[in-house]
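I opened my notebook to write down what I looked up, one topic at a time. Here is what I was looking at.

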Amino acid sequence: MKYIDEFRDGDVARRIADRLATEARGDRAYSFMEFCGGHTHAISRYGVSELLPANVRMIHGPGCPVCVLPIGRVDMAIRLALEHDVIVCTYGDTMRVPASDQLSLTKAKARGGDIRMVYSAADALTVARDNPERQVVFFAIGFETTTPPTALAILRAQREGLKNFSVLCCHVLTPSAITHILESPEVRQYGTVPIDGFIGPAHVSIVIGAAPYEHFAEEYRKPVVIAGFEPLDVMQAILMLVRQVNEGRAHVENEFTRAVDRDGNLAAQQKVSEVFELRPSFEWRGLGEVPYSALKIRPAFAEFDAERRFDVGYTPVADNKACECGAILRGVKKPTDCKIFGTVCTPENPIGSCMVSSEGACAAHYAYGRFKDIPVVTA
Amino acid sequence: MNARDDSKGGTVRAGYVRPLDIRNGRIDMGHGAGGRAASQLIEEIFLAAFDNPFLRQGNDGASLAIPQGSRLVMATDAHVISPLFFPGGDIGALSVHGTVNDVAMMGATPLWLSASFILEEGFPLADLKRIVQSMAAAAREAGVAVVTGDTKVVEQGKGDGVFISTTGVGVVPHGIDVSGANARPGDVILLSGTVGDHGVAVLSQRESLEFETTIVSDTAALNGLVADMLAACPALRTLRDPTRGGVATTLNEIARQSGVGMLLDEAAIPVKPEVDAACELLGLDPLYVANEGKLLAIVPADQADSVLAAMRAHPRGADAARIGVVTEDPHHFVQMNTRFGGRRVVDWLSGEQLPRIC
């Protein structure tokens, strides 16, 4: 595949690996967090970590949209479907996120809820147009990448005068989550999670640009390298991070210049700020309440806000006690540190959200990396 | 509607029964009631297409003569695909290929099929006829006879056009023992051609997802290919067609059944560029996408070359490749050396990657 294979070339990967082996200093360890689930997936699927020197460790961050979705939010969507008789539309991975009472949207669907998987916010709008007698709610999740399409759907619904379409908005913001991690006691006070730098988001950065990361590169003295989602992007970004650390620099560098610039997509940003405003606080699974970390629909678009249209208040629900998703999302623990990883909690029966999406740290390790946990004899 | 037919002046020939209105007719509840309407549907659509001595006897079942000393193999498969017609095939052909292949994967020569249809009230007779004729053509090509069948009708909204269940019976030649439990460390894993064609072809027709592509389903009967492979290597250990769940899931099944591990070479697995591109776009992994005309074979290492040559000499195995080896592994992992130079687990399919594709 042209424009794809070039970024998955094994020969180039080996050359970068050789350079990494030469440049990573033997007298220290390097720990980098890849914020995005897209990077977690690329690292696991292509076996990138196999190509890294032993003293370069990747910590999987919380940038997997379904992983950080708190149980209470999924409960709201389920209540809309089962108690308010609305058609709930959402993205595929959201369907399997564990909620209260051993439910998920998939299981609520089996109990008679009209819950439909869509590929885009625009598809949800089509469902609303096709079912004028029913209320249709788009359960909108995701980081800055999926927010502009939701904004456009709301703007279009308003233009068309649709009376049966609304959005359960759960859009969250990347920079505030990274700041939250850097402010966490494990990173800031105790240093139990050593983070020497970040691989910055790919698609999120296309929308918000490189500038938003400049603050914490400077404030927290952590280098950031924005990278694409292909495995060579990740390898190159790790090399760039190692170099910054070696040189004592903490800058925002852009490996993903083919798609990201400093300002990002201004038209998309404009639509987002037209429709959404900051929430003072939002609960993240694993991170807890994070101030100014999510968006809500502006009062001018209140009629398209499912939280205002329907009586579904938010009730926080604690994770399963045995589940370590919270610590894993903060980088404090690895999937294998969790007692129920791979036994009680599997992709078929996820207990925690990290086991749901292939971008989740647990699901990625379960699906691609499990062989590293136990010795395997090969022929 | 067709009053004209009745009033063509003059007398109506004795014994005349007005034929089904294939062009405009639709299935109604009467077609499933077991009366004259049902009988007419069977005669004009099913018998007309499947005609053979077994059916002509008009019994409730088929009486089959079994070759002396041979072992029978029986397999069954239900088909609920949406859409019913897709590039490269339809539910009719698929329902024959699916079961013929399941029988063939046991090392058997498929001979007979049963077919049962669950039809939804309102289903167009023209579509039914097209599907049945496609089934008949597929059966003829595979050299099997549809020897018995059944039809039921469900109310509108309680089916999805048509569901077809087929059961196949075949005979295993003496000395052949093919099973998913036979893989041994050191054996070689062969794949008969490109992966993911069927799943992507069906997906391209989905209402919510229509995209333009030249990919057609690979749906095909593989009994001819299997016969050539067994002729080249009677000691062939395992055969399986990687349908739902794709190559990845099928290899995991075999690894568990045989109590072994596997190590694949990603670069050796044939994928059409257009399938690769569609999967990339949709976030799918071709290793998990369904095939309906491909098989995986596990063979002793010293006979891999001769089996591979036999496969490549057959039109259904022209792109056959050696994709990996069976390993000793108490955890029964299927692993893969990636094109990128790393290694990873190739796990079972989790959840559903694509809905209703076979």
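I started with A:Arg221, which sits in the loop between α10 (214-219) and β8 (224-226) of chain A. Helices here are DSSP runs of H or I with at least four residues, strands are runs of E with at least two, and both are numbered from the N terminus. I noted that phi of A:Arg221 is near 55°, a positive value in a residue other than glycine. For the cut-offs, 20 or more other C-beta atoms within 10 Å of a residue's own make it buried, 12 or fewer make it exposed, and anything in between is partly exposed, with C-beta atoms placed from the backbone.

**Before going on**

I have to remember that this is a predicted model, where local features need pLDDT of at least 70 and side-chain atom pairs count only at pLDDT 80 or more, while totals for chains, interfaces and linings use all residues. Residues are numbered from 1 along each chain as its sequence is written, and chains are lettered from A and ligands numbered from 1 in the order in which they are written.

**Another positive phi**

I then looked up A:Asp85, which has a positive phi of about 55° although it is not a glycine. A:Asp85 lies in the loop between α3 (71-83) and β3 (87-90) of chain A. A:Asp85 has 12 other C-beta atoms within 10 Å, so it is exposed.

**Chain A as a whole**

I counted 15 helices and 11 strands in chain A. Of the 379 residues of chain A, 53% are buried. The C-alpha atoms of chain A fill a box of roughly 65 × 45 × 45 Å along the principal axes. A compact globule of 379 residues would have a radius of gyration near 21 Å, and chain A agrees, with 21 Å. That radius is taken over C-alpha atoms, and the globule rule is 2.2 Å times the number of residues to the power 0.38.

I also looked at contacts (C-beta atoms, placed from the backbone, within 7 Å). Among contacts in chain A with a separation of 6 or more, 76% are between residues 24 or more positions apart.

**Two helices side by side**

How do α1(A) and α11(A) lie relative to each other? Their axes come within 10 Å and cross at roughly 15°. I took axes as lines fitted to C-alpha atoms, for helices over the stretch in contact, with angles from 0 to 180 degrees between N-to-C directions. The two helices are therefore roughly parallel (under 35 degrees; over 145 is roughly antiparallel, 65 to 115 roughly perpendicular and the rest oblique). Residues in this contact include A:Ile16 and A:Leu20 of α1(A) and A:Met235 and A:Leu239 of α11(A). By class, the contact has 10 nonpolar, two polar and three charged residues. Nonpolar covers Ala, Val, Leu, Ile, Met, Phe, Trp, Tyr, Cys and Pro, charged covers Asp, Glu, Lys and Arg, and polar covers the others, Gly among them.

**Where the chains meet**

I found 29 residues from chain A and 28 residues from chain B in the contact. On the side of chain A that touches chain B, α1 (10-23), α2 (37-45) and α15 (361-369) give two or more residues. That side has 16 nonpolar, five polar and eight charged residues.

**Over in chain B**

I noted that the peptide bond from B:Ser82 to B:Pro83 is cis, with omega near 0°. B:Pro83 is in the loop between β1 (71-79) and β2 (85-86) of chain B.

Note on methods: Contact = placed C-beta atoms within 7 Å.
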